[in-house]
Amino acid sequence: MKIKAKIIKENKDGSAICELDLDVEAKDWLIGEGFLHVLSKAVGISESYVKKQPKRIRQLVKDLDMDGRC
């Protein structure tokens with residue numbers, strides 16, 4: 001796996017503009033890790049959303065989880 005970063009410009013706020021050179025394995029890994037992170041974050045958001053909902057909705061979601069359909 002090859003990941004190479006070249007800094008093009010450093011900004012005053014500490015960020016930078018950079019160029020990435022990735023082989024196929026590195027690109028697939030990076031996309032996969034990013035996708036897993038987004039899914040994990042979405043699950044956390046949806047669980048906190050469900051906890052704030054009325055009891056009936058929470059029960060329906062719980063039932064779906066038990067049936068393996070969710």
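Visitor: In β2, which residue is the bridge partner of Lys 6?
Guide: This is a predicted model, in which local features need pLDDT of at least 70, side-chain atom pairs count only at pLDDT 80 or more, and totals for chains, interfaces and linings use all residues. Residues are numbered from 1 along each chain as its sequence is written, and side-chain values use heavy atoms, with hydrogens and water left out. Strands here are DSSP runs of E with at least two residues, helices are runs of H or I with at least four, and both are numbered from the N terminus. Within β2, the residue bridged to Lys 6 is Glu 19.

Visitor: How many bridges join β1 to strand β2?
Guide: Two strands pair if DSSP finds at least two bridges between them. Strand β2 covers residues 16-22 and runs antiparallel to β1, and in their hairpin, which has five residues between the strands, Gly 14 takes a positive phi near 100°. The number of bridges joining the two strands is seven.

Visitor: In what order do the elements of the chain run from the N terminus on?
Guide: The chain contains two strands and two helices. Read from the N terminus, their order is β-β-α-α.

Visitor: Of the eight residues of strand β1, how many are buried?
Guide: A residue is buried under 20% relative accessible area, exposed over 50%, and partly exposed in between, using a 1.4 Å probe and protein chains only. In the chain of 70 residues, 3% count as buried. Strand β1, residues 3-10, lies largely in the open, because its number of buried residues is zero.

Visitor: What is the distance between the C-alpha atoms of Leu 30 and Ile 3?
Guide: Ile 3 has its place in strand β1 and is partly exposed at a relative accessible area of 47%, while Leu 30 is found in helix α1, residues 24-51, and is partly exposed at 40%. Along the chain these two residues are 27 apart. Their C-alpha atoms are separated by 9.6 Å.

Visitor: Which residue forms a salt bridge with Lys 2?
Guide: A salt bridge is a side-chain nitrogen of Lys or Arg within 4 Å of a carboxyl oxygen of Asp or Glu, and the structure holds one. Lys 2 lies in the segment before β1 and its partner in strand β2, so the pair ties together parts that are 19 residues apart in sequence. Lys 2 is partly exposed, with a relative accessible area of 41%. With the closest N and O atoms 3.0 Å apart, the partner of Lys 2 is Asp 21.
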